[in-house]
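Colleague: Before we discuss details, could you show me the model and take me through how to read its sheets, helices and backbone?

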Amino acid sequence: MMTPHWQQQLLKYEMVRAAKSPHHRARASAMAARTVHKSAIPITNPNAVKPPETNGVAKDGEAGITTSPSAKSQAASESSPTIASALANHPSSTVAPVETSRPTAPKPPGNTWQSLDMGGVGIKNIPPTSGLFGFSFLTTLYLNHNQLDAIPPQISKLRHLELLDLSCNLLTTVPPELGMLTSLKELYLFDNQLRTIPPELGTLHQLQTIGIEGNPLEPSLKQIVQKDGTPALISYLRDSCPIPAPPPERVWKHFVAQPERENDPSSESFSLLSYNILCERCATERLYGYTPSWALQWDYRKELILSEVLSHNADFICLQEVDNAQYEEYFLKHLEQHEYEGVHWSKGRYKNMTEQERRLMDGCATFYKASKYTLVEKHLIEFSQVAMQRQDFKKTDDMFNRVLGKDHMAVVTLLENKETGTRIIIANAHIHWDPQYRDVKLVQVALLVEEVEKIAQSFAKYPPRLPPAPSSAGSATTPSTGENNASSRPPPAYTDGYQIPIILCGDYNSIRQSGVYEFLSTGVIPPDHEDFMHHTYGRYTTEGLRHRLQLKSAYAAGGELSMTNHTPSFKGAIDYIWYTTPNLSVNSVLSEVDHDYLDKVVGFPNAHFPSDHICIGADFRVRPPREAQPVRPPPVFPESSRSHT
């Protein structure tokens with residue numbers, strides 16, 4: 001019995017075979033458009049006032065000019081910041097919650113034409129240097145009914161293609177690089193000489209039809225298509241594809257030479273990792289259809305995650321999207337074996353769930369080396385709850401309609417170095433993802449900073465730790481632990497919260513050009529900033545935002561990473577480690593992923609990277625708080641210097 005899918009395949013096969021004349025599709029499209037214009041009788045309102053031309057250029061739809069949908073979208077983007085934000089290919093669209101579908105491909109650059117018909121013109125060869133591969137805006141390309149015996153790998157540059165017709169050529173193979181065209185929905189390979197399909201095409205998770213009829217194809221592959229359709233073949237290719245070579249190991253990029261650090265006996269340093277690990281319930285084939293099913297399995301991914309964080313031996317590990325079950329049963333259990341203790345909170349909606357549902361609810365977890373640090377306090381910041389407590393927010397509809405429904409949070413830990421008494425505050429945050437809620441992201445980060453500033457002021461009021469007891473006489477000749485290093489100093493005394501080293505890290509779902517980045521790095525945002533999107537948030541939108549933490553991104557000195565999140569729809573930096581510059585400086589950062597490797601993968605997770613985010617890290621040097629200068633006593637002059645009466 002013939003399946004409906006195979007019936008559709010044969011129908012398309014006949015249509016493609018009939019399109020053998022030169023530029024058949026282009027001529028048919030032009031004829032159809034011309035027919036529509038000739039047959040249509042416009043009915044106009046005689047009382048309507050003709051709209052004026054803008055800068056001497058006819059507006060869209062006038063004077064018989066037709067504009068592509070993408071060009072209209074671009075015009076809409078330019079006319080309104082709000083519309084622009086909705087249309088823009090923003091990184092946050094890659095971090096949707098599990099109940100929301102993610103866009104699967106970026107929009108092509110705006111252009112008045114997006115289809116190219118080069119069919120039936122006798123092309124024998126397309127050189128790798130062809131200008132064709134510069135047309136990155138193309139969504140449709142016809143190369144059918146030619147005499148091509150090979151397709152250059154450079155076709156992978158046409159990332160926005162949705163339809164590619166290579167039918168009726170002399171192809172014996174197709175390049176594996178076709179697997180990079182993850183926007184493809186139709187791929188016609190009819191009437192060639194193909195015996196197999198490269199397994200790399202398994203990443204074409206949006207493909208609806210792969211046209212294979214008319215090829216001496218391996219029977220097992222053809223049977224999959226005939227019986228279960230194109231999606232079944234793509235799944236088979238994806239899961240059977242050999243694992244490619246891993247990238248070179250990421251190294252630490254040093255800003256301060258190791259000998260220089262070792263020559264400073266009074267220096268104190270610590271290292272920190274931040275990593276959105278992609279929780280188990282979100283790692284679905286619906287959201288990550290380009291990832292082999294076995295590489296999405298938690299049992300496979302968790303081993304890679306643990307191996308990654310342990311390999312750097314960091315003092316602090318800050319993880320996002322850690323669910324209750326995996327925190328208790330896996331991470332805490334294994335990290336305790338390496339001297340770590342942890343703090344974890346789930347997102348607020350877990351309170352209304354059953355016990356089984358709570359186990360799968362994710363949140364943020366911070367681990368610290370218990371042999372080196374003492375946990376003094378821990379705080380949960382639920383942004384929606386903090387917003388409700390603000391008097392200036394209570395009468396704003398935007399707070400109720402936009403902020404309260406977003407279930408995001410931060411875990412703040414207050415720690416003290418057991419040896420030196422140095423205090424550290426670490427805020428591990430996960431900010432909202434949706435690009436249409438840039439205002440909410442900015443509000444959440446503003447609330448985070450305000451709460452951290454309050455916590456720091458309170459922490460500074462704690463009395464300093466008692467100095468270590470003097471060593472016994474019997475060990476006078478033996479240097480005590482910590483001698484000739486930072487521990488030889490008395491414990492620091494903090495008179496102000498801004499003297500305490502503070503780290504803000506996590507998944508901020510914001511690019512470098514965002515209001516979030518601007519606020520954290522400059523400390524100031526005007527009340528009419530475009531990322532407020534004309535919404536009202538009390539003093540935030542009447543007075544603006546301001547903080548005194550003097551923050552800087554750990555990667556800023558050497559240039560922000562080119563990406564911390566990589567999917568077919570986005571590749572960019574949205575995870576950060578921020579530090580307070582008056583009391584911390586950066587020794588080194590964890591470098592980025594090899595660029596040659598990235599050019600060959602459509603996105604994460606994959607066999608080598610267990611999350612759609614990568615781990616970021618930094619090593620810091622602590623600057624001790626400046627001691628207050630003692631008050632000088634009044635001068636005492638000798639008797640001989642006094643004037644005589």
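Modeller: This is a predicted model. Strands of a sheet pair through backbone hydrogen bonds, either parallel or antiparallel. Here, five strands make up an open sheet with parallel pairing, in the order E1-E2-E3-E4-E5.

Colleague: Which strands stand at the edges of that sheet?

Modeller: The edge strands are E1 (115–117) and E5 (209–211); each has a single partner strand, so one side of each is left without a neighbour in the sheet. On average, neighbouring strands of this sheet are turned by 5° against each other, direction ignored.

Colleague: How many bridges join strand E4 to E5?

Modeller: Three bridges join E4 (residues 186–188) to E5, and the two strands run parallel. Within this region, Glu186 stands opposite Thr209 in E5. Helix H1 packs on the sheet, where it touches strand E3 (163–165), E4 and E5, and the direction of H1 makes about 55° with that of E5.

Colleague: At what angle do helix H1 and helix H5 pack?

Modeller: H1 (residues 4–17) and H5 (residues 219–228) pack at about 110°, and their axes are 6 Å apart. Angles of 65 to 115 degrees count as roughly perpendicular, which is why H1 is described as roughly perpendicular to H5. The contact brings His5, Trp6 and Gln9 of H1 against Lys222, Val225 and Gln226 of H5. By class, two residues of the contact of H1 with H5 are nonpolar, three are polar and one is charged.

Colleague: How does helix H5 pack with helix H6?

Modeller: The angle between H5 and H6 (residues 230–240) is about 140°, with the axes 7 Å apart. That makes H5 oblique to H6. On the H5 side the contact has Leu221, Ile224, Val225 and Asp228, which meet Thr230, Ala232, Leu233 and Tyr236 in H6. The residues of the contact of H5 with H6 divide into six nonpolar, one polar and one charged.

Colleague: What is the strand order of the seven-strand sheet?

Modeller: The seven strands form an open sheet with mixed pairing, ordered E6-E21-E22-E7-E8-E10-E9. Strand E6 (252–254) and strand E9 (340–346) are at its edges, each with a single partner strand, so one side of each lacks a neighbour in the sheet. From one strand to the next, the twist averages 25°.

Colleague: In which sense, parallel or antiparallel, do E7 and E8 pair?

Modeller: E7 and E8 (residues 316–323) pair in the parallel sense, over five bridges. Asn276 stands opposite Gln320 in E8. Helix H9 (residues 298–311) lies across E7, E8, E9 and strand E21 (584–590), and it runs at about 165° to E7. Helix H10 (residues 324–336) also packs on the sheet, touching E8, E9 and strand E10 (362–369), and its direction makes about 155° with that of E8.

Colleague: In which sense does E8 pair with E10?

Modeller: E8 and E10 pair in the antiparallel sense over seven bridges, and Cys318 stands opposite Thr366 in E10. Seven bridges also join E9 to E10, and this pair runs antiparallel. In that pairing, Glu341 stands opposite Tyr368 in E10.

Colleague: How many residues of E10 are buried?

Modeller: Eight of the eight residues of E10 are buried, so the strand is largely enclosed by the rest of the structure. Helix H14 is mostly covered, with 19 of its 23 residues buried. As for length, the 23 residues of H14 (residues 438–460) should span 33 Å at 1.5 Å a residue, and this agrees with its end C-alpha atoms, which are 33 Å apart.

Colleague: What should I look for in the backbone angles?

Modeller: Most residues other than glycine have a negative phi, and most peptide bonds are trans. Cys168 has a positive phi, near 55°, and its place is in the loop between E3 and E4. At 15% relative accessibility, Cys168 counts as buried. Leu278 has a phi near 65°, also positive, and is found in the loop between strand E7 (268–276) and helix H8 (293–296). Leu278 is buried, with a relative accessible area of 0%.

Colleague: Which peptide bond is cis?

Modeller: The bond from Phe604 to Pro605 is cis, with omega near 0°. Pro605 is in the loop between helix H16 (595–598) and strand E22 (616–622).

Definitions and conventions. Residues numbered from 1 in each chain as written. Predicted model: local features only at pLDDT ≥ 70, side-chain atom pairs only at ≥ 80, totals over all residues. Heavy atoms only, no water. Axes fitted to C-alpha atoms, helices over the stretch in contact; angles between N-to-C directions. Helix = DSSP H or I, 4+ residues; strand = E, 2+ residues; numbered from the N terminus. Parallel < 35°, antiparallel > 145°, perpendicular 65-115°, else oblique. Contact = heavy atoms within 4.5 Å. Nonpolar A, V, L, I, M, F, W, Y, C, P; charged D, E, K, R; others polar. Expected span 1.5 Å × (residues − 1). Buried < 20%, exposed > 50% of the residue type's maximum accessible area, 1.4 Å probe, protein only. Pairing = 2+ DSSP bridges.
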